[in-house]
Amino acid sequence: MTVEEFEEFYAQAAGRLTGQLYVMLGDHHEAQDVVQEAFVRGWGRRGRLDRDGRPEAWIRTVAWRLAVSRWRGRRRTADAWQRTAPATRVEGPGPEAVALVEALRQLPAKQRRTMALHYLCDLTVEQIAAETSLSTGTVKTHLSRGRTALSRHLQDPRMEEAPDA
């Protein structure tokens, strides 16, 4: 099957196959995904698809098998989560964590990334410079400015209201 023949085959059969798989699967998006994946796999086999004489059947079978594989994978994942899921409820972030995330959002993107790499990922200035393609001086500047900005955003208003002793 030539490129043009495959494109014509796709144009004629894709909608029909998607409809068929939709009826089989009950999920239109899943049907679209598996049909597209089957056509991608068929592209690499287009020379043999022509000789088989039933390219549409081959695509439909591959799409069905892909859907079954996805179901099995999802079921295995769900089973694994049920086996390993913690029995207790995990608490959400505390007010301090929420305040920190909100303060970090106020920083420019480069400062925020630099701060996260340094303080959350424990990278050195040199490692950050290598990863971000910034000079070490620029990384130090981002860290310094980021700390200054965070200190403004994270000031406890109760501390400002406290009377002098």
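**Exercise 1. Which residues does glutamine 111 touch, not counting residues up to four places away in sequence?**

Solution. Start with the ground rules. This is a predicted model: local features need pLDDT of at least 70, side-chain atom pairs count only at pLDDT 80 or more, and totals for chains, interfaces and linings use all residues. Residues are numbered from 1 along each chain as its sequence is written, and side-chain values use heavy atoms, with hydrogens and water left out.

- Step 1: Glutamine 111 sits in helix H6 (residues 109-120). Helices (H or I, at least four residues) and strands (E, at least two) are DSSP runs, numbered from the N terminus.
- Step 2: list the partners. Glutamine 111 touches His142, Arg145 and Gly146. Contact means heavy atoms within 4.5 Å.
- Step 3: Glutamine 111 counts as buried because its relative accessibility is 10%. The classes are buried under 20% relative accessible area, exposed over 50%, and partly exposed in between (1.4 Å probe, protein chains only).

**Exercise 2. Describe the nonpolar cores.**

Solution. A nonpolar core is a set of buried Ala, Val, Leu, Ile, Met, Phe, Trp, Tyr and Cys residues joined through side-chain atoms within 4.5 Å.

- Step 1: the largest core has 20 residues, and Phe9, Leu21, Val34, Phe39 and Ile59 touch the most other members.
- Step 2: helix H1 (3-25), helix H2 (28-44) and helix H4 (55-84) each supply at least two residues of this core. H1 gives the most, with seven residues.
- Step 3: take leucine 21. Setting aside neighbours within four places in sequence, leucine 21 contacts Gly26, Ala31, Val34, Val35, Arg60, Ala63 and Trp64.

In soluble globular proteins, nonpolar side chains tend to be buried together.

**Exercise 3. Is glutamine 32 buried, partly exposed or exposed?**

Solution. 

- Step 1: glutamine 32 is found in helix H2.
- Step 2: its relative accessible area is 31%, so glutamine 32 is partly exposed.
- Step 3: tyrosine 22 is ten residues away along the chain, and the two C-alpha atoms are separated by 7.9 Å.

**Exercise 4. Summarise the whole chain.**

Solution. 

- Step 1: the protein chain has nine helices and zero strands.
- Step 2: the radius of gyration is 28 Å, whereas a compact globule of 165 residues would have one near 15 Å. The radius is taken over C-alpha atoms, and the globule rule is 2.2 Å times the number of residues to the power 0.38.
- Step 3: along its principal axes the C-alpha trace spans about 90 × 45 × 25 Å.
- Step 4: buried residues make up 27% of the 165 residues.
- Step 5: of the contacts with a separation of 6 or more, 59% join residues 24 or more positions apart.
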